[in-house]
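Here are my notes on the model you sent over. Have it open while you go through the points.

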Amino acid sequence: MERLWKYAGRHRRQILWGIAMLLLTNICTQTLPLIMRAAIDGIEFGETTDYLRAIATALVLVAVASAVFRTLSRKHLFYAARDVEMDLRSDYYRHLTSLDGGYFDTTPSGELMSRATNDLPQVRLYLGPGLLNAVNTTVAYVTTIPLMLMISPKLTFVILAVYPPSLWLLQRLGKQLFNRTKVQQKEMGRIAAYVQESLAGSHVIRSFGIESERQEQFNDLCVANYDASIQLAISRSFMWRLVISLSTLSIFIAVFVGAMEIIAGRLTIGDVVAMVEYMGILAWPTFALGWVLSMRERGRASMERINEILDRVSNISEGNEELGEETPSIEVDGLHIGYGDSPVLEDVQFSVPAGHTLGIVGEIGSGKTTLVKTLMRLLPVRSEMVKIGGRDITSISLRSLRSQFGYVAQESILFSKPLSQNIAFGEPEAGLDKVVDSAEKASLDPGDPSLPDGLETLVGERGITLSGGQKQRSSIARALLISPSILVLDDALSAVDSETEERIIDELRRLREGKTTVIVAHRVSAVSHADQILVLGERGIIESGTHETLVASKGAYAQLANRQALQEGLL
């Protein structure tokens, strides 16, 4: 919880004001039984009407003041809790965006969503209502018990005798509540991850006709969450019932023993009424104690889950140098990279002069995407292995490095916004003319009948309303709009026909003249114009050169070119 208190420290002034208002609220509340005592004793002993009128006036004024202070205490403490939640949520998102790609390959996105939507509100409840009631309970006991002792030590000790064993039992229940809360929140995370995965792959599920099987699996997750929720509810209910019973028993003892003391002549009716009022004052804090402990354990469990994310350190460290605006070169020397203990590329060496085009081909799994991701430091790399513009990429700030690139990935990711906003994603302030120009350069026709509103057509989640070719051309248009120093097309033409591919490549050659371009492709036709072509095989480069020299060498590239030419001829 140390991190949570650091966040709370940013809003300590508001929290301290809230606590001060709570203290004033309790002062007013503790005064009310004394006024009631004076009123009842005054009636019993025949005080004047003026005296009773003054007592009634004081009672009203103190009650009004108590209501005002109570309102202000909640305003300050609840607002502070909301502010802390907002800070945490913002930092949680910021931290997620700073983590390396490998983390997201092993962590379900639904689990991350669950922590943002379910756990953060629990932390806010703990810091807002939880803190308020914890302070209120402490102040109530510290101030009320001395006043009760002043009236009747005997009655006070008799009433409070039931508290120590009850508090011990509450502490034990709190630990059980913490463990069951973690289990329930974990089950909620599994449901969120499953739903997110099912929605993203709904077309695959339908195409295989396995809706009923997926429904059964979802039902199993719901049953597990139901069982965990029931166990949590049992613990929480038992804690609340215990607190209510404790409060009721204390008031019963106060009335019974107080009546005996009145009969014995040791206490007045006003004394006993005041004691019962004080027990009433302690009733809600005591009742709230179980709720506070419940909220505390839920908040602890939630904060622990959030800390698991915030404590995660990215494998990619930040540099401090900045790149200039000139078109940079690319140099790779002795690159070794892999996933875990499995090497993907070993001792890779090549260089791309500024303004040249590099083509990369190879079999599936040969490391083509891994190589281009390494250039942008989307994957961790050791120093001096990759240089951009003559500088080691580990010494360059990530923002400066990645701003040099326009990246079109294998899987085109689009957002639930109009197509024009997707194209202008990297430059939101771009005008419509620039967006239309970029779309035309990527051979994306705004007048296509499948786009009923042209570039203002709303794109479904992850671009589901577009064809594969339209998504790829939209991604290319998005990259071309920012006119990057280095354009990377990672198999970005696989979903378009050969004629469209040729048209896009010709446009790129014209647009990218004098700028560095990297094209990863399976089809030889997409890289045949490149100044240099790398052929990747098992764990590295097996051939390099121009299209003509590689074809003449009759190696792996020539075999690939011949095989594709034969396939096109058969088609």
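1. First, a term: a crossing is left-handed if the near helix is turned anticlockwise from the far one by less than a right angle, and right-handed if clockwise. Helices (H or I, at least four residues) and strands (E, at least two) are DSSP runs, numbered from the N terminus. By that rule, α1 passes α3 in a right-handed crossing.

2. A word on the source: this is a predicted model, where local features need pLDDT of at least 70, side-chain atom pairs count only at pLDDT 80 or more, and totals for chains, interfaces and linings use all residues. Residues are numbered from 1 along each chain as its sequence is written, and side-chain values use heavy atoms, leaving out hydrogens and water.

3. Back to the helix pair. Leu4, Tyr7 and Ala8 of α1 meet Val84, Asp87, Leu88 and Asp91 of α3 (contact means heavy atoms within 4.5 Å). Of the residues in this contact, five are nonpolar, none polar and two charged (Ala, Val, Leu, Ile, Met, Phe, Trp, Tyr, Cys and Pro count as nonpolar, Asp, Glu, Lys and Arg as charged, and the others, Gly among them, as polar).

4. Now the sheet. It is open, with four strands in the order β2-β1-β4-β5 and antiparallel pairing (two strands pair if DSSP finds at least two bridges between them). The edge strands, each pairing on one side only, are β2 (342-352) and β5 (391-392).

5. What joins β4 to β5? Two bridges do, and the strands run antiparallel. Lys387 has Asp392 in β5 as its bridge partner.
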